[in-house]
Amino acid sequence: MKRMLATLMVLSLSLALLAGCGSQGNNAASGSNAGANGETYTMRISHAVAETHPSHQTLLAFEKAVEEGTNGAVQVELIPNGALGGETQLAEMVQLGSLQGTVIGADAASGIIPEFALIGAPYLFNSRASVYAALDGEFGDTLAEKAANFNIYVAGWGDAGFRNVTNSKHEIVTPDDLKGIKIRVMENELHMDLFKAFGASPSPIAFNELFTALQQKTVDAQENPITVFTVSGFYEVQHYMTTTEHVYTAAPFLISQSWLDTLPAEYQTVVKDAASQWVTDQRQAMEDGEATHMQTCIDNGMEIRVLTPEEKQVWMDAATVLDDTIVAKYGQELLDLARSFNQ
């Protein structure tokens with residue numbers, strides 16, 4: 001009941017905010033319109049990261065492509081920085097049709113589509129190439145089919161990168177070094193179980209509340225991809241980073257299927273093609289920027305421990321404690337399908 005009330009409060013706030021963001025005729029209130037003869041459609045896309053993040057920067061090109069491709073009939077409005085709520089709430093809003101699109105971490109949608117959490121299973125993929133092959137292939141198609149049952153169209157799988165552990169206490173080299181550390185994790189049962197197995201005290205905190213939680217010492221540590229970490233300025237409140245790369249995070253572009261269905265067929269094609277191009281652009285931007293983001297952390301006084309293959313193997317071995325749980329939750333068949341793409 002509390003979860004339902006919280007969701008309703010987020011939706012009410014979101015509608016109030018959107019009403020004040022300007023209008024595109026009556027369509028601005030509903031997010032859609034019926035008919036293509038001189039009518040316009042509004043596509044609001046909200047996400048939790050900053051405007052400097054590659055996901056947002058490449059969404060600007062998506063916005064231009066959609067508006068030009070429909071001769072202005074589909075207007076795109078980007079709402080960054082978690083202005084409408086955390087990632088879990090954004091996924092729920094897309095499912096309900098009160099928001100037309102979002103780009104979020106796949107785990108944030110796992111409360112709706114449980115199988116999305118499998119992407120973030122510890123050390124499931126051994127490289128970005130393997131991830132892309134899996135998500136662009138049968139594994140990603142299988143997950144997209146499950147999302148379709150919840151009014152969610154997966155327009156493409158963006159990249160958020162491999163996650164690293166950071167903290168404000170001391171250098172971390174082995175899982176044992178996490179004992180007693182309070183760490184923020186995503187609202188993902190697998191991740192909670194993983195860090196409990198490592199000896200840490202995990203706590204799910206909404207991403208848009210994380211900086212304050214770190215600043216106020218509510219938690220000592222967090223784990224995120226380097227790009228998210230840097231553009232969010234977390235180096236101001238964290239001193240140590242360890243390249244654990246324990247989990248890969250996908251950034252799916254989710255669109256409300258009920259809204260998409262209101263568009264004329266030719267506009268749907270424009271949106272889908274622009275989303276496909278966004279995936280290509282976003283992945284490349286993510287890869288290109290990681291070295292720069294790492295240097296930013298160093299320039300701001302962070303100590304970064306790059307694990308050797310032997311040191312990382314210790315983490316991989318410790319994570320095997322979850323193997324039986326993963327099979328029980330998602331089945332051996334889906335797990336084997338994901339792993340079949342490793343190169």
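Visitor: What makes β4 largely enclosed by the rest of the structure?
Guide: In this predicted model, 15 of the 16 residues of β4 are buried, so the strand is largely enclosed. A residue is called buried when its relative accessible area is under 20%.

Visitor: Why is T166 called buried?
Guide: T166 has a relative accessible area of 1%. The limit is under 20%, so T166 counts as buried. T166 is placed in strand β4, which covers residues 152–167.

Visitor: Which residues does T166 touch, leaving out those up to four places away in sequence?
Guide: They are A221, Q222, F229, Q238, Y240, M241 and M302.

Visitor: What makes the pairing of the T166 and Q222 side chains a polar contact?
Guide: The distance is 2.9 Å, and the cut-off for such N or O pairs is within 3.5 Å. The side chains of T166 and Q238 also form a polar contact, at 2.7 Å.

Visitor: How many bridges join β4 to β9, and in which sense do they run?
Guide: Nine bridges join them, and the two strands run antiparallel. Two strands are said to pair if there are at least two bridges between them, so β4 and β9 qualify with nine. One of the positions involved is Y153, whose bridge partner in β9 is I255. Another is V154, which stands opposite L254.

Visitor: How many bridges join β4 to β7, and how many join β4 to β8?
Guide: For β7, residues 221–225, there are five bridges, and the strands run antiparallel. N164 of the one stands opposite N224 in β7. For β8, residues 240–242, there are three bridges, again antiparallel. There, the partner of T166 is M241.

Visitor: What makes β9 mostly covered?
Guide: Nine of its nine residues are buried. Y248, A250, P252, L254 and S256 point one way, while T249, A251, F253 and I255 point the other way, and all are buried. β9 also pairs with β3, in the antiparallel sense, over three bridges. In that pairing T102 stands opposite L254.

Visitor: Where is I104, and why is it called buried?
Guide: I104 is in the loop between β3 (101–103) and α5 (128–135). Its relative accessible area is 1%, and the limit is under 20%, so I104 is buried.

Visitor: How far apart are I104 and A251 in sequence and in space?
Guide: They are 147 residues apart in sequence, and 5.2 Å apart in space, C-alpha to C-alpha. A251 is also among the residues in contact with I104, which include E87, L90, A250 and P252.

Visitor: How many aromatic pairs does the structure hold?
Guide: It holds eleven.

Visitor: Why is the pair of F198 and W315 called edge-to-face?
Guide: The ring centres are 5.2 Å apart and the planes are at 85°. Rings pair if their centres lie within 6.5 Å, and planes over 60 degrees apart count as edge-to-face, so this pair is edge-to-face. F198 lies in the loop between α7 (189–197) and β6 (201–204), and W315 in helix α12 (residues 309–319), so the pair ties together parts that are 117 residues apart in sequence. F198 and W315 are buried.

Visitor: Why is the pair of F253 and W278 also called edge-to-face?
Guide: Here the centres are 5.4 Å apart and the planes are at 70°. The angle is over 60 degrees, so the pair is edge-to-face. F253 lies in strand β9 and W278 in helix α11 (residues 265–299), so parts 25 residues apart in sequence are tied together. F253 counts as buried at 0% relative accessibility, and W278 is buried at 1%.

Visitor: Which residues do ring pairs link into a cluster?
Guide: F207, F211, F229 and F234.

Visitor: What sits over the ring of Y132?
Guide: The charged end of R283 does, 4.1 Å from the ring centre. The distance limit for this label is within 6 Å.

How values were computed:
Residues are numbered from 1 along each chain as its sequence is written. This is a predicted model: local features need pLDDT of at least 70, side-chain atom pairs count only at pLDDT 80 or more; totals for chains, interfaces and linings use all residues. Side-chain values use heavy atoms; hydrogens and water are left out. Helices (H or I, at least four residues) and strands (E, at least two) are DSSP runs, numbered from the N terminus. Buried means under 20% relative accessible area, exposed over 50%, partly exposed in between (1.4 Å probe, protein chains only). A polar contact is a pair of N or O atoms within 3.5 Å; within protein, one must be able to donate a hydrogen and the other to accept it, and residues adjacent in sequence count only if both atoms are side-chain atoms. Contact means heavy atoms within 4.5 Å. Rings of Phe, Tyr and Trp (its six-membered ring) pair if their centres lie within 6.5 Å; planes under 30 degrees apart count as stacked, over 60 as edge-to-face and the rest as tilted. A charge sits over a ring if NZ of Lys or CZ of Arg is within 6 Å of the ring centre and within 35 degrees of the ring normal.
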